[in-house]
Amino acid sequence: MQTEHEAQRRQDAELVKMQQASALRKEEARRATEQKILEQMLQEKKEKAEIERETAKAKALAEGEGRAREAKLLEDYNKRMILERMSGEREKWIAAINTTFSHIQGGFTMLLTDRSKLLMGIGGVTALAAGVYTTREGAKVTWGYINRILGQPSLIRESSMPKFPLLRFNALKPTSASLSGGAGFENVILHPSLKRRIEHLARATANTKAHDAPFRNMMFYGPPGTGKTLVAREMARKSGLDYAMMTGGDVAPLGSEAVTKIHQIFDWAKKSRKGMLLFIDEADAFLCERNSTHMSEAQRSALNALLFRTGDQSRDIVLVLATNRPSDLDAAITDRIDEVIEFPLPGDEERFQLLRLYLNQYMLKEDDKGSLWGTLLNKQRQKIQVKDITDDLLREAARKINGFSGREIAKLMASVQAAVYGRPDCVLDPQLFMEVVEYKVAEHQQRIKLASEAAT
Ligand SMILES: Nc1ncnc2c1ncn2[C@@H]1O[C@H](COP(=O)(O)OP(=O)(O)OP(=O)(O)O)[C@@H](O)[C@H]1O
């Protein structure tokens, strides 16, 4: 009985085991199926996305191809149109050219066969050419004539006379002091005796015109930069005359034209109602000794023309010659000069006064009150402050710059001004002033040394 029972129990246990194993297998199969389904779903999803991508690509490609085909068709159409238009134009032009040539050919044939028409044709062409040529040349001659009658001669570099008389206004206005005899050459620093002589000459010149007496010609000679041009300009202003300036060096390059130009100047100068002061700077450049070997034939003729025009005492023109080498001038020229004035290098006192004049002009009175632009500029510009520049200091500087010309002194003061502008505070003090003076003195000595070396 017990063995039966035991067997039964074993059988049951066996059954339970089998049932458990079967449940386990079922569970595993279910899990595997689930996994498979999941994988399949994923695969499907992937495939779906791939299909969509491919479809989009195919769609885009189809669209692009369509557009490209359209563009190609349009381009072909345009090309065809252009070609058609071009060939149309070409045919039109060919037809036009053919027609023109056939007309010309017909015309020529007609001209060659008909003698009277041929003569008329030749006459017409000749008349047309002559007409064009005469008009062009006529205009040139007329303009030259008007220019000669009214215009300023080309040799004149600077003048108080307007270029055309209708535009008459005075660049250099005569002062009322000129005739009354109170002529003051404020901006010209000369030795007192020389200044008196110049003032006297200016008064005499003004009165000469007033009394219709003949003018006296002058010659200014002396080293460069001593005020010859300055005085000639001031003298014209103070004496109430018109003023014109030319340079001797401009005459030589004119060659054979020089004679005409010299006559032109004298004809033009005679037109001034006030009388003309004709200033010839660097006179030795073209009025030198006629026998000199380096003088050209054209220069000699120009000199002769000037001698011819100045042979008599003139009531219209005062001739003022300036030269650094008076001994080079032709004897016939010096014979026509009534007043010979020497302009020496400034002495001690004149150098001091020149320093003061230009200190005043460049640093103390630098305001340009004349123009609105000047006033506006001055508002923005930092003003120069002059500190302790006494007369004693200026006299000491004047002693140091012995041998300087008026021009060199003006330039020295311009350098001082530049040095002051180079300082942030724009102050001119004795130290800066003397520094520039010393530097300029050394520069002057160096220049003299170089010049003497070049001369030997
Ligand atoms: N005596 C002077 N008084 C005041 N300034 C002078 C004097 N001499 C020269 N100067 C200054 O030098 C400058 C040049 O002078 P200017 O042209 O009159 O000399 P110049 O004797 O004619 O020289 P050049 O022989 O080289 O032609 C003037 O514009 C002026 O600033």
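Me: How much of the protein chain is buried?
Reply: Buried residues make up 23% of its 456 residues. A residue is buried if 20 or more other C-beta atoms, placed from the backbone, lie within 10 Å of its own.

Me: Where do these numbers come from?
Reply: This is a predicted model, where local features need pLDDT of at least 70, side-chain atom pairs count only at pLDDT 80 or more, and totals for chains, interfaces and linings use all residues. Residues are numbered from 1 along each chain as its sequence is written.

Me: OK, how many helices and strands?
Reply: The protein chain has 13 helices and 8 strands. Those are DSSP runs numbered from the N terminus: H or I with at least four residues for helices, E with at least two for strands.

Me: Which residues of α9 are buried?
Reply: They are E350, R351, F352, L354, L355, Y358, L359 and M363.

Me: And what do they pack against?
Reply: The buried residues of α9 pack against β7 (385–386), α11 (391–400), α12 (406–421) and β8 (427–428). Contact means C-beta atoms, placed from the backbone, within 7 Å.

Me: Switching to the ligand, how many residues surround it?
Reply: 17 residues do, and the closest are P224, G227, T229, L230 and G406. To count as near, a residue's C-beta atom, placed from the backbone, must lie within 6 Å of the molecule.

Me: Which elements give two or more residues to that shell?
Reply: α5 (228–239) and α12.

Me: Why does the ligand lie between domain 3 and domain 4?
Reply: Because domain 3 (158–342) and domain 4 (348–455) both give residues to the shell around the ligand. The domain bounds come from an automatic or database domain assignment.

Technical notes:
Buried ≥ 20, exposed ≤ 12 C-beta atoms within 10 Å, placed from the backbone. Contact = placed C-beta atoms within 7 Å.
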